Amino acid sequence: TTARGEEAIAHILEELREEGHVVPEGREVVSVPCDLGDLRSVEQFVKAVRGSGRRVKLFVGNAAVLATPYGLTPQGYINQVGVNFYANVLMVRGFAEMMKEAGCGGKIVMVSSRTAHGGQVDETEFANHKKLAEEGKLPAGYANWYNRYNAYGNTKLAVMLYIEGLAKSLSVWNAQNPTAQVTVNTVHPGCLKTAIARDLPLNVLPGSEVMHAYTTFSSAEGAFYVANVCLADTPQGCYYHMYKRAGKPSQCEDAREVARVNEHVTRCLVELELCEKQ
C-alpha cells in the first residue's frame, strides 16, 4: 500500500503502535520510500523487494493523483498518466512475477473509480510527450487544452483494461498451478476522505464541492471494503464496487481494446528498457 511521503508513512506506523496492534513474533512492518512519479524509482523499489527475499502474497495498488495540472514525469509522461497508470503497471508486473516464482500464489487488488466508466484511452495522452515533442508530433497547444479532470477517469480505465489483459494471461498459469494461483481484480471503495482531491478546485465539476465538504466513507472504511476483496475467495478479473461485484466499463469487454492497451504498455516499457521485448 502507499502513503503520501515518508512522514505520512511514519505517522501510520506510529498510529498502529498507539492502537495496540502487535506485530507477530518473527514479523516486522517495513516502510520503503518510492517516488511513483519516477519509473526508475519504481523499478528500484520492485528490485529492492525482490532482493529482500521476502514473499509477496498481496499487493494493493491504491496510489493515484487527481486533476493535477499538465506536467511531465522524468520519463516524459503526463504526471497523472505516469503515476496512476505506468507506475502501478510496473509494480503489478513485478509483483505478479514474484508471486509466480515463489510458488505460493498471491492476490493483486487495484483501486479503481467509477470515473473509469466515462473514460477513454487516447494514445496521445498516454504517449511519451518528451519524445513526441522532440519528433515534432506533439499537437500544438496540447498543454493548454489538456483536460486534467477527464484524465483521471482515463487512467483508471487504462488500469482496468491492463488488469483485464493480465487476468487472461494469468489464467494459463492458474490452470497449471491450482495451489499457487495469482488473482488480479479491481475495486472502487467509494469516495474517501483522503488528500487526493487537493488539486481539485471547488465548483469545477458537478458535485466537487461535496468532495471537499463531505465524503461517503472514511479512509478506514474504504480500507475495509478493499480488504474484503483481498481476503475473499474472489474469482479472476472482476470489478467490485465496495464489496459487491459490479459491471465493468464496456471497453473491458472489447478484446481489441484490451489488447491495444496491453501492447501499448509493453511497447512503452521496452522503449524505457524497463522490460524485455516479448
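Two strands pair if DSSP finds at least two bridges between them. Helices (H or I, at least four residues) and strands (E, at least two) are DSSP runs, numbered from the N terminus. The structure is a predicted model, in which local features need pLDDT of at least 70 and side-chain atom pairs count only at pLDDT 80 or more, while totals for chains, interfaces and linings use all residues. Residues are numbered from 1 along each chain as its sequence is written, and side-chain values use heavy atoms, with hydrogens and water left out.

**Exercise 1.** Describe the sheet and identify the bridge partner of His241 in E5.

*Solution.* 
1. The sheet is open and has five strands in the order E1-E2-E3-E4-E5, with mixed pairing.
2. Strand E1 (58-61) and strand E5 (244-245) are at the edges with a single partner strand each, so one side of each lacks a neighbour in the sheet.
3. Strand E4 (residues 239-241) and E5 run antiparallel and are joined by two bridges.
4. Within E5, Lys244 is the bridge partner of His241.

**Exercise 2.** Characterise the largest nonpolar core and the aromatic pair of Phe85 and Phe126.

*Solution.* 
1. A nonpolar core is a set of buried Ala, Val, Leu, Ile, Met, Phe, Trp, Tyr and Cys residues joined through side-chain atoms within 4.5 Å; buried means under 20% relative accessible area (1.4 Å probe, protein chains only).
2. The largest such core has 54 residues, and Phe85 and Ile108 have the most contacts inside it.
3. H3 gives the most to this core, with 13 residues.
4. Phe85 and Phe126 form an edge-to-face aromatic pair, 5.5 Å centre to centre with 85° between the planes (ring centres within 6.5 Å, planes over 60 degrees apart).
5. Phe85 lies in helix H3 (residues 79-102) and Phe126 in the loop between strand E2 (106-111) and H4, so the pair ties together parts 41 residues apart in sequence.
6. Phe85 has a relative accessible area of 1%, and Phe126 likewise has 1%.

Definitions and conventions. Phe/Tyr/Trp six-rings, centres within 6.5 Å; stacked < 30°, edge-to-face > 60°. Buried < 20%, exposed > 50% of the residue type's maximum accessible area, 1.4 Å probe, protein only.
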